[in-house]
Number of protein chains: 2
Amino acid sequence: MPHFKSQKDDRPYSPPKPLYEQVKSYVLKNMESGEWPAYFQLPSEHTLVREMGISRMTIHRALRELTQAGYLERIQGVGTFVAAPKKQPKTLELREIEDVISGHGGRHQCDVHFLQEEPIEKDAAALMAMTPGKGVYRSYFVHRDNGLPVMLEDRYVSPQFMPEYLEMEFTHMTADTHLSRKFALLSHSHVIQAAVSNAEINHFLELEATTACIVINRKSWLGEDVVSAARLVFPGNRIQLT
Amino acid sequence: MPHFKSQKDDRPYSPPKPLYEQVKSYVLKNMESGEWPAYFQLPSEHTLVREMGISRMTIHRALRELTQAGYLERIQGVGTFVAAPKKQPKTLELREIEDVISGHGGRHQCDVHFLQEEPIEKDAAALMAMTPGKGVYRSYFVHRDNGLPVMLEDRYVSPQFMPEYLEMEFTHMTADTHLSRKFALLSHSHVIQAAVSNAEINHFLELEATTACIVINRKSWLGEDVVSAARLVFPGNRIQLT
DNA sequence: GAGTGGTCTAGACCACATT
DNA sequence: ATGTGGTCTAGACCACTCT
């Protein structure tokens, strides 16, 4: 039987992990090793108190936090169980272009090619859930990493939600950041495709030849309403998403 | 001054919220109303104990949970503060290929082109954190949607963690699903690139001409160890990630 | 009734930061 | 020295489930 409290005594210079963290590690270790498989009923709090010599509140905190994190399931009056193998969603975090660039020490710069109000075309109207022909704000940016173009941003913005869009400053803050600042509860949906560059993309991204590009279509929602829709084009040979 | 404990007495039939939940609501209400703006320093635990007539452990639990949820920031020896407006990460959920296909009513099918042990080459060894030349399991699958190839899966698997890999069945369950079933605590990291198809990819995906493809490099981790690394190639004109 | 988890308390000691 | 948050205890009462 291991000594759970030993760290307090014998290693005064290694920062001792809190007891509740030790309990969490102990449980996770048993889960990793396969000792406690899915649906396994853990020893009761009272049993752990006895076996580990730790007070119930501390045991309870450890188990509660593991439950909040999704590792365990607890049923009052019944017991504590290893959670069913969660079909865990594999998520990819899309970082802001500025963060990607500054993350490897690059200098971010944004060219505004145009920024205007225009009547919205049919395709974009469907995207924005607007009626075709109504006025929409449209912007065309090229983002550069130490001068090299790494992203083309073709964006529609709803005048209703962001009437000040045409007057904003984009050289030091991206449109995405502006939107997130204004609307704390903004949510996003994405569609990712691959495509080869056409003449327009080659021109704006200063590509010499046809190149494979990642295209991210991002919609930004405020509840049921679309605030903005953007097409982000990354030349595949100059950048990778991680 | 409101009576925080009153629910216990006067409303025996409405389930009284736990005290720590009441404290959390109290704090959130002050944040929402603008009374406690970003960076505002909250009353100390001791002050809240006095003002609310609730024990410190309970106050502490409420503030700790709000901190874990990102609403507050706590600095030992200094105080508790309303967190800065968080710039929320934009995440993309990568669904399993089977789910994508069955999601639009397609029939998923998986061809095993090979499944063998081989000495690991230098590049792959770095990927898997193995020593070059050691044995590794390698598989080459083509996933089809109603017969049409939609993904090439080139995968390395660590024999140490999954010695049974060569004997498994992949026509009705993907390697990813097998891995997730076996290891509940598997985590993943991804790198996404765009590339044009080469002769090999054209052959396996039955492409007529050079095509832009999305390439997802997925590493599956068990703590610090790499259990598997896969290169997933999607022809950009046949599928889109969402 | 016995066993489980959920909450709460009053006090304690500690690590850390500021004055 | 004072005030802050971080942890831990020993015990209590409760709600719930199962037998």
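Of the atoms of DNA strand D that come within 4 Å of the protein, 66% belong to sugar or phosphate, and the rest to bases. This comes from a predicted model, so-called local details included. In that model, 25 residues surround DNA strand D. The closest of them come from both protein chains: Leu19(A), Tyr20(A) and Thr58(A) on one side of the list, Arg56(B) and Met57(B) on the other.

In Tyr20(A), an N or O atom of the side chain is 2.7 Å from a phosphate oxygen of DNA strand D. Ser44(B) also points a polar side-chain atom at the phosphates, with 3.4 Å between that atom and a phosphate oxygen of DNA strand D. The largest share, four residues, is supplied by α4(A). Sorted by class, this surface has nine nonpolar, ten polar and six charged residues.

DNA strand C is surrounded by 25 residues, and the closest are Arg56(A), Met57(A), Leu19(B), Tyr20(B) and Thr58(B).

The side chain of Gln76(A) has an N or O atom 3.0 Å from a sugar or linking oxygen of DNA strand C. Two or more residues of the surface near DNA strand C are given by each of α4, β1 (72-75) and β2 (79-82) of chain A, along with α2 (19-32) and α4 of chain B. With four residues, α4(B) provides the largest share of that surface. The class count for the surface near DNA strand C reads nine nonpolar, ten polar and six charged residues.

On to the domains. Chain A is divided into domain 1, residues 7-82, and domain 2, residues 97-235. Between the C-alpha centres of these two domains of chain A there are 47 Å.

Chain A also has an open sheet of six strands, in the order β4-β5-β6-β9-β8-β7, with antiparallel pairing. Its edge strands, which pair on one side only, are β4 (108-119) and β7 (187-196) of chain A. From one strand to the next, the twist averages 15 degrees. Strands of a sheet pair through backbone hydrogen bonds, and they can do this in parallel or antiparallel fashion. In chain A, β7(A) and strand β8 (residues 212-222) run antiparallel and are joined by ten bridges. Here Ile192(A) stands opposite Ile216(A) in β8(A). Helix α7 (residues 175-182) of chain A packs on the sheet, where it touches β5 (135-145), β6 (148-157), β7, β8 and β9 (225-235) of chain A. The direction of this helix makes about 45 degrees with that of β6(A).

The loop between β6 and α7 of chain A is where Pro163(A) sits. Which residues does Pro163(A) contact, leaving aside its neighbours within four places in sequence? They are Tyr137(A) and Lys182(A). Pro163(A) and Tyr137(A) are 26 residues apart in sequence, while their C-alpha atoms are 8.8 Å apart in space.

Chain B has its own open sheet, made of six strands with antiparallel pairing in the order β4-β5-β6-β9-β8-β7. Strands β4 (108-119) and β7 (187-196) of chain B form the edges, each pairing on one side only. The average twist from one strand to the next is 15 degrees. Within this sheet, β5 (residues 135-145) and β6 (residues 148-157) of chain B pair in the antiparallel sense over nine bridges. Tyr140(B) is found opposite Asp154(B) in β6(B). Lying across β5, β6, β7, β8 (212-222) and β9 (225-235) of chain B is helix α7 (residues 175-182), which runs at about 45 degrees to β6(B).

Definitions and conventions. Residues numbered from 1 in each chain as written. Chains lettered and ligands numbered in written order. Predicted model: local features only at pLDDT ≥ 70, side-chain atom pairs only at ≥ 80, totals over all residues. Heavy atoms only, no water. Near = heavy atom within 4 Å. Polar contact = N/O pair within 3.5 Å; in protein donor to acceptor, adjacent residues only side chain to side chain. Nonpolar A, V, L, I, M, F, W, Y, C, P; charged D, E, K, R; others polar. Domains from an automatic or database assignment. Pairing = 2+ DSSP bridges. Axes fitted to C-alpha atoms, helices over the stretch in contact; angles between N-to-C directions. Contact = heavy atoms within 4.5 Å.
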